[in-house]
Structures are given as structure tokens and as C-alpha cells.
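I opened my notebook to look through a structure step by step. Here is what I looked up, in the order I went.

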Amino acid sequence: MSYRLEFAPRVHRQLHRLPRDIQVRLAAAMEALAANPRPHGVKKLSGEENLYRIRAGDYRIIYQIRDKELIVLIVKVAHRREVYRV
């Protein structure tokens with residue numbers, strides 16, 4: 001049972017601003033989410049409904065799991081010091 005990855009519109013801009021080596025690392029982590037959206041080390045964000053985060057080095061991937069549609073929606077990608085700011 002594989003999930004489909006979808007991206008919020010701003011995620012593409014966030015990724016293109018990052019160095020190429022970071023983009024490759026994040027892409028591998030996001031592809032792994034399609035196979036297993038709740039891997040070891042995943043954290044549910046408190047105060048947010050149905051949002052999770054996974055670490056990829058100093059960067060964080062914030063995503064939403066839609067089990068009924070088998071979709072993982074990537075909401076935000078940023079450095080750990082910036083990712084939780086509104």
C-alpha cells in the first residue's frame with residue numbers, strides 16, 4: 001500500500017531556495033514517506049490537527065497524512081530554526 005506524494009504550492013519555492021545537496025537529502029526523505037508515512041522518529045505536532053514532522057539533518061519536513069485517499073501532503077520544508085514560525 002503506497003501513498004501518493006502531493007506538495008503545497010509554497011513547498012516547491014522552499015525547495016528551490018535550498019542548496020542542491022540538501023534538496024537531494026530532502027527528496028529521499030520525502031520519497032520514503034510514500035512507502036511509510038509514519039516511520040521511526042516521526043512526531044505529531046501538538047496544537048495542529050493531523051500534522052507530522054520528520055527530521056532530515058538540520059531540516060524538517062512538515063506533512064499531513066490523508067489515510068482515506070492514501071495521500072501524504074507535504075506542507076512545509078525549512079531549516080529547524082525557521083520551520084515552526086508562522
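**Rings and charges**

I started with aromatic rings and found 1 aromatic pair in the structure. For my own reference, rings of Phe, Tyr and Trp (its six-membered ring) pair if their centres lie within 6.5 Å, and planes under 30 degrees apart count as stacked, over 60 as edge-to-face and the rest as tilted.

Before going on, I noted that this is a predicted model, where local features need pLDDT of at least 70, side-chain atom pairs count only at pLDDT 80 or more, and totals for chains, interfaces and linings use all residues. Residues are numbered from 1 along each chain as its sequence is written, and side-chain values use heavy atoms, with hydrogens and water left out.

Next I asked myself which residue lies over the face of Tyr-52. I found Lys-44 there, at 5.9 Å from the ring centre. The rule I used: a charge sits over a ring if NZ of Lys or CZ of Arg is within 6 Å of the ring centre and within 35 degrees of the ring normal.

I then followed Lys-44 to Ile-54: their C-alpha atoms are 9.1 Å apart in space, and the two are 10 residues apart in sequence. Ile-54 belongs to strand E3. Strands (E, at least two residues) and helices (H or I, at least four) are DSSP runs, numbered from the N terminus. Ile-54 is buried, as its relative accessible area is 13%. My cut-offs are under 20% relative accessible area for buried, over 50% for exposed, and partly exposed in between, with a 1.4 Å probe and protein chains only.

**Salt bridges**

How many salt bridges does the structure hold? I counted 4, each being a side-chain nitrogen of Lys or Arg within 4 Å of a carboxyl oxygen of Asp or Glu.

I looked up Asp-67 and Arg-38, whose side chains meet at 2.8 Å, N to O. This pair links distant parts of the chain, 29 residues apart: Asp-67 is in the loop between E4 and E5, and Arg-38 is in the loop between helix H2 (20–35) and E2. Asp-67 is partly exposed at 37% relative accessible area, and Arg-38 is partly exposed at 38%.

Then I turned to Arg-80 and Asp-58, which form a salt bridge at 3.8 Å, N to O. Arg-80 lies in the segment after E5 and Asp-58 in the loop between E3 and E4, so this pair ties together parts that are 22 residues apart in sequence. Arg-80 is partly exposed with 47% relative accessibility, and Asp-58 is partly exposed with 41%.

I also wrote down the salt bridge between Glu-82 and Arg-81, at 3.8 Å, N to O. Is Arg-81 buried or exposed? I found that Arg-81 is exposed, with 55% relative accessible area, while Glu-82 is partly exposed, with 37%.

**Positive phi values**

Most residues other than glycine have a negative phi. With that in mind, I checked Asn-50, which has a positive phi near 65° and is not a glycine. Asn-50 sits in the loop between strand E2 (43–44) and strand E3 (51–56), and its 25% relative accessibility makes it partly exposed.

Leu-70 also went into my notes, with a positive phi of about 55°. I located Leu-70 in the loop between strand E4 (59–66) and strand E5 (71–79). At 27% relative accessibility, Leu-70 is partly exposed.

**The largest pocket**

A pocket here is found on a 1 Å grid over the protein atoms alone: an open set of points where a 1.4 Å probe fits, with protein on both sides within 12 Å along at least five of seven lines, and lining residues have an atom within 4 Å of a point. I noted about 250 Å³ of space in the largest pocket.

Which residues lie nearest the centre of the largest pocket? I listed Leu-45, Glu-48, Val-83, Tyr-84 and Arg-85, out of 11 lining residues. By class, the lining has 6 nonpolar, 1 polar and 4 charged residues. Asp, Glu, Lys and Arg count as charged, Ala, Val, Leu, Ile, Met, Phe, Trp, Tyr, Cys and Pro as nonpolar, and the others, Gly among them, as polar.

Definitions and conventions. Points joined across faces, edges and corners; volume = space filled by probe spheres on them.
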